[in-house]
Amino acid sequence: MRGILNKQLTQRIIFMLLAYAIVQLLVSTNIINAYLQATLVTICINIILAVSLNLITGFTGQFSLGHAGFMSIGAYTCALITMRVPTIAGFLAGVLMGAVMAALVGFLVGLPTLRLRGDYLAIATLGMSEIIRIVFINLDSITNGAAGLNDIPRFVNWPWLYVFVAGTILLIRNLLKSSHGRACIAIREDEIAAEAMGINTTKYKVLAFIIGAFCAGIAGALYSSYFYYIKPDLFGFLKSVDILVIVVLGGLGSISGSVLAAVLLAVVSTYFQSFPEIRMILYALILVIIMIFRPQGLLGSKEISISMFNRMGKLFAFGKGEK
Amino acid sequence: MEQLIQQIINGISLGSIYALIALGYTMVYGIIKLINFAHCDIYMIGAYIGYVCMSKLGLGFLPSLLASMLFCTVLGITIERIAYRPLRNATRIAALITAIGVSLFLEYTTMFFASANVRTYPSMTGFMAKTYKIGDIVISTQQILIAVITVILMVLLQVIVKKTKIGKAMRAVSMDKDAAELMGINVDTTISFTFALGSALAGAAGILVGIYYNSINPLMGVLPGLKAFVAAVFGGIGIIPGAMLGGYVIGIIEVFVSGYGYSMYRDAVVFAILILILIVRPAGLLGKNTGEKV
């Protein structure tokens, strides 16, 4: 038994290093040029956002439409810190502070609103993120209002991106394997039954919310650091919908699904970059068609895993996500 | 004092529009428990149809109003049939994502055909452009028109819902779909009819906004849509008089907040009210709290 576990672990580590090395090679040989690099960064940020929203919506079953709000807090905090301390230490402090601030707001908002259920919670989180956006627009002296912040120093590169993406995925994956994660999944399956089993539902819902917001803060910080420029309107309702779409497309309750969908959507949207209207029409149509014909998303609640590659030589692995 | 009355009058005009949109949200939510995000875009399409009728075809206001209501009715039924009906038994989140998808589809299709530019309604002439002064209070014909048409439509809606057979069916389906079906009610037709009613009201709201604010664009529905939804929640979602009350209250609050110098915060205030209501009284002002049965 120990031998198998060790083998799995080594395989995972090798896979992770390989993923890093391949992209690093592509970047340094300039096959991923500056233009494609922007897509790469978008993919990475979307992965972090989608995986963290999946924790809230997919695993804990709490429907949130306000993820962009948390992202904006991370983005603004990091931008303001790195603009004053333009060093790598400042950047890291910015990412950390951004994540902590987002988590704090997640906690403050989560505590009262998480007593709501289903659609009501969705609307409350939507309202919350709109309020955050409007506050950023009106804090002229700090955030430069609707015009946004310019010339944010860029520190994000592939190694940092990799650290944060892998860190987020590992954090959430390991959380879900722990008793806390099991409690979250129990809440999704049946809140009343979970409560009857002695799970403190409010505690775990708030926990999922805080961790989700924390990761969204990281994503926002990375965004502001890579793209130089942020404004409140970037983090509106549409952004929250974008993230939710990735999660639902990949499958609620599937981390690998979120990763897959983030890559897929970024590739499609890069391909249609020059026709913005047609791109959005197609995006909308795909959304509706997938929901009608495959409402559980591409992977459902299943996961792709390395051990399944070994065992079956097949692409899709079953039974890892839910047991 | 005059300023206060003036603000209330302006608030009623805005509130009427919110109320008309909120009615569609609340009826659809009441009957299939779906936040129909596409509803705000039906309102936008209504405004565009009104624009085409009035400035391209040269029709008068009332024919344009009817045309836009008719078109939106057909659109609403079509959307329900194509996009929502296959998802009748799917999860709530799947239905909600579909609604968002339909909403994006309508917005960007309009943008594709009519361009993203702001269009202006033809300026009103004759009695439509008149304003009336009582002391320092100014009322325009448009404001009277909005208030009157809204009241007429609401009374009509109440008559349909309370007095007709199909209205009875609507109430029955929203109470218990399965039981209604067992009683021989055609649930699909009833749901289609609900969408038709809601969409017609949204179409009317669209053209009224067009003549009131003059400018329309493909994304004009998003924010009023959200606020109308807030209004529906405020009054108690699924309750028709609640949506009317909520619409007026939200409209008046918004006008007051911007009238007293905080116009930048008017949207934030609306959403803050939403969160407050959800925390204090999630069933809404006119709603009843119901416990969950295990």
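What follows is a short chat about this predicted model.

Visitor: What share of the area buried between the two chains is on carbon and sulfur atoms?
Guide: Start with the total: chain B and chain A bury about 3700 Å² between them. On chain B, I93(B), I97(B) and Y108(B) supply 16% of what that chain buries against chain A, more than any other three residues. As for the carbon and sulfur share of the total, that comes to 83%.

Visitor: How many salt bridges cross the interface of chain B and chain A?
Guide: Polar links first: one residue pair is in polar contact across the interface, both at pLDDT 80 or more. For salt bridges, the rule wants a Lys or Arg side-chain nitrogen within 4 Å of an Asp or Glu carboxyl oxygen. Across this interface, the number found is zero.

Visitor: Which helix gives the most to the nonpolar patch?
Guide: The patch has about 1100 Å² of accessible area together, and its members include V135(A), M1(B) and Y260(B). Y260(B) sits in the loop between α10 and α11 of chain B. The top giver, with four residues, is chain B's helix α1.

Visitor: How many residues apart are D233(A) and R133(A)?
Guide: Their side chains meet in a salt bridge at 2.9 Å, N to O. R133(A) is in helix α5 of chain A, while D233(A) is in the loop between α10 and α11 of chain A. So the pair links distant parts of the chain, and the separation is 100 residues.

Technical notes
Residues numbered from 1 in each chain as written. Chains lettered and ligands numbered in written order. Predicted model: local features only at pLDDT ≥ 70, side-chain atom pairs only at ≥ 80, totals over all residues. Heavy atoms only, no water. Buried area = accessible area lost by both parts, 1.4 Å probe. Polar contact = N/O pair within 3.5 Å; in protein donor to acceptor, adjacent residues only side chain to side chain. Patch = residues over 30% accessible without salt bridge, like charges linked within 9 Å, V, L, I, M, F, W, Y side chains within 5 Å. Areas by Shrake-Rupley, 256 points an atom, 1.4 Å probe, with all protein chains shown as cover. Helix = DSSP H or I, 4+ residues; strand = E, 2+ residues; numbered from the N terminus.
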